[in-house]
Amino acid sequence: MDNKVSASPRGSYRKFLEHLSGAGKAIGVLTSGGDAQGMNAAVRAVVRMGIYVGAKVYFIYEGYQGMVDGGSNIVEANWESVSSILQVGGTIIGSARSKAFRTREGRLKAACNLIHRGITNLCVIGGSGSLTGANIFRMEWSGLLEELAQDGKIDNEAVQKYAYLNVVGMVGSIDNDFCGTDMTIGTDSACHRIIEVIDAIMTTAQSHQRTFVLEVMGRHCGYLALVSALACGADWVFLPESPPEEGWEEQMCVKLSENRAQKKRLNIIIVAEGAIDTLNRPITSEKIKELVVTQLGYDTRVTILGHVQRGGTPSAFDRILASRMGVEAVLALLEATPETPACVVSLSGNHAVRLPLVECVQMTQEVQKAMDERRFKDAVQLRGRSFENNLNTYKRLAIKLPDDKIQKSNCNVAVINVGAPAAGMNAAVRSAVRVGIADGHKMFAVYDGFDGFAKGQIKEIRWGDVGGWTGQGGSILGTKRILPGKYLEEIATQIRTHNINAILIIGGFEAYLGLLELSAAREKHEEFCVPMVMVPATVSNNVPGSDFSIGADTALNTITDTCDRIKQSASGTKRRVFIIETMGGYCGYLANMGGLAAGADAAYIFEEPFDIRDLQSNVEHLTEKMKTTIQRGLVLRNESCSENYTTDFIYQLYSEEGRGVFDCRKNVLGHMQQGGAPSPFDRNFGTKISARAMQWITTKLKESPGKGKRFVSDDSICVLGISKRNVLFQPVAELKNETDFEHRIPKEQWWLKLRPLMKILAKYKTSYDVSDSGQLVPVRHRGGPEEPAAI
């Protein structure tokens with residue numbers, strides 16, 4: 001994979017980290033504004049990447065205030081200063097809102113303090129206010145230096161030597177309120193906190209038939225309220241960007257009482273703290289409670305989550321995001337020239353990009369302006385395609401039109417789960433069923449995979465049947481690994497009997513193989529000539545045609561949580577190395593990304609062959625590590641990474657070679673990676689991708705009204721997936737060439753590019769291809785014709 005010469009937009013050569021040097025450069029890193037989980041992971045990545053490329057890195061404590069005060073607030077960091085902070089919430093270097101920095105005198109002091117340490121590269125982790133401040137500082141820099149020289153605080157040589165300040169920003173904000181970036185650092189962790197609370201509240205609400213009004217953070221941005229409403233299937237949600245229409249009070253009460261009439265024992269209403277009506281008047285949680293109590297007489301409680309959302313340990317997603325952003329920020333500083341504008345490193349789909357800071361801030365301010373001027377439609381659009389899609393999906397799934405208002409399609413659509421269970425499958429089924437019903441189809445659930453299909457375990461499934469499914473782990477429909485090949489006759493008979501016009505398959509590699517078998521059987525059985533689409537759902541994340549699959553994020557969080565506990569145990573006993581085996585079949589995704597999220601020293605995977613020399617060098621590396629203050633080690637191993645270098649073998653080798661220096665323990669995580677409640681990411685990803693699959697089915701069925709139309713073309717049997725930045729439907733026939741069938745993995749996997757990151761952050765010398773980095777991407781108000789894959 002590494003020998004090809006890729007045609008990067010600048011030409012046809014490839015650029016490697018080895019060609020960039022930070023020698024002679026000094027980088028200052030600070031966190032500012034409200035704290036967010038994952039900031040520490042970003043600080044760690046900046047420090048380690050900076051040291052790795054030969055630069056000096058300085059902590060600037062207490063945000064801009066520390067920069068103004070100087071002295072012991074600006075301290076050089078070393079490799080060990082950022083050890084053991086990956087799993088800690090908040091920020092270890094402190095954050096403060098600084099009044100002094102807002103004045104020119106304050107910025108003058110700050111510039112003086114930076115010059116005395118030779119710092120001309122700033123990495124700022126904070127919200128839009130913090131990043132705007134950094135940009136003003138950059139614009140004024142040369143003027144500040146001249147003034148300092150006139151006052152005799154620095155000499156003219158320093159003015160020449162430190163003439164330019166480079167600024168790179170990373171957005172740390174739990175609200176996800178910064179335009180241009182799909183996810184800000186801390187948002188996913190805040191969603192985890194909210195969903196943990198909602199899951200806990202649901203059980204008590206159910207017991208007492210209560211209504212709960214939950215207030216979540218988001219003074220100017222409703223992202224947290226919206227995704228948590230999507231993830232728990234809330235009855236109603238209030239957002240600042242999309243206020244309810246006139247007469248919402250009555251509509252909401254009707255909706256709540258309808259839900260109760262359908263035997264639902266609880267209601268959940270989610271309110272963003274900045275929720276307003278169409279006249280920009282605040283809608284408070286207390287006001288909603290009074291309304292429900294007076295109009296409906298329901299037992300209603302208010303829970304204000306407050307700062308709980310900012311706290312706790314960062315999720316696996318936030319750790320990986322922040323680590324990637326931190327590394328990218330250092331690259332951006334190394335490549336910066338005096339002409340380079342201040343940029344923000346950000347995520348687009350699963351792609352790291354650099355965006356012009358000023359444009360992002362302007363666009364973020366435009367949203368607020370649109371809200372102030374009551375142009376709410378514009379505000380939603382300016383938030384980005386992802387926000388708009390979330391809102392539309394929520395509306396479709398939360399509110400059912402009366403039956404007589406739904407135009408019937410006279411089509412029957414079957415939903416089936418195939419393969420091993422994955423957390424988030426049920427959210428996907430719920431979403432498919434409701435979107436299908438809203439589109440006028442009759443929905444059928446197939447129980448127990450293809451085995452159940454052949455036996456006729458098929459039942460109509462209605463809107464109310466899937467209520468409360470989003471938070472359930474496993475597969476309620478039941479799922480099996482059995483392939484359809486042996487049962488083609490029986491399955492064809494069942495399709496005929498139930499008059500099924502389209503099939504949605506939710507599952508892993510078996511589902512993909514099953515789809516191929518059904519595709520091949522079309523010649524013999526015309527029953528299979530119906531639109532079929534597969535949504536990838538497997539913890540292994542090994543389905544060709546998609547960068548992500550439902551369930552992988554939940555498994556990753558399980559691995560990360562376990563590694564955190566194990567590291568704590570190892571730190572207590574000192575000089576101990578843990579070897580942890582993860583699932584994934586031959587696919588190293590969980591081991592590799594788990595290693596990045598947990599701060600592992602090594603991760604053995606099938607995709608990167610290793611031999612006894614590599615094992616030996618890892619032992620030597622750990623032996624060196626035991627001489628420092630970090631006296632513990634963590635090694636991950638994918639279950640099928642090597643036939644002979646088994647977990648036991650590696651454990652015995654490490655034990656023998658490390659004798660007298662460290663002792664060894666092993667841990668096989670096993671099926672706990674498949675279980676548990678789905679993470680917010682998996683609930684939302686499952687909900688949205690499945691809704692998109694149903695839209696595709698509806699479009700296909702509309703193309704051929706009337707019975708008897710046979711779908712025989714390749715594009716009527718597809719895998720729906722996310723590729724780089726886009727949502728794609730790819731014919732299963734075309735994906736054949738991209739598949740390694742023997743090892744059940746795609747031939748090319750995007751995450752292998754991140755493999756060097758883990759090694760660099762664990763202090764290994766390695767080669768890192770940075771050809772993809774470097775271009776400043778303009779912030780688009782609206783995307784092109786392709787669908788963005790913001791998750």
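Good morning. I begin with a pair of residues: Glu 581 lies opposite Arg 637 of strand 19. The model is predicted, so local features need pLDDT of at least 70 and side-chain atom pairs count only at pLDDT 80 or more, while totals for chains, interfaces and linings use all residues. Residues are numbered from 1 along each chain as its sequence is written, and side-chain values use heavy atoms, with hydrogens and water left out.

Strand 19 covers residues 632-638; strands here are DSSP runs (E, at least two residues), numbered from the N terminus, and helices are runs of H or I of at least four residues. Strand 17 (residues 576-582) pairs with strand 19 in the parallel sense over seven bridges, where pairing requires at least two DSSP bridges between two strands. Strand 18 (residues 602-604) also runs parallel to strand 19, joined by three bridges, and Ala 602 has Val 635 as its bridge partner there.

How many residues of strand 19 are buried? Seven of its seven are, buried meaning under 20% relative accessible area, exposed over 50%, and partly exposed in between (1.4 Å probe, protein chains only). On one side are Arg 632, Leu 634, Leu 636 and Asn 638, and on the other Gly 633, Val 635 and Arg 637.

I turn now to the other residues. Arg 219 sits in the loop between strand 6 (211-216) and helix 7 (223-232), and is exposed, with a relative accessible area of 55%. Arg 104, in helix 3 (residues 104-116), is partly exposed at 32% relative accessibility. Between Arg 104 and Phe 137, 33 residues apart in sequence, the C-alpha to C-alpha distance is 9.2 Å.
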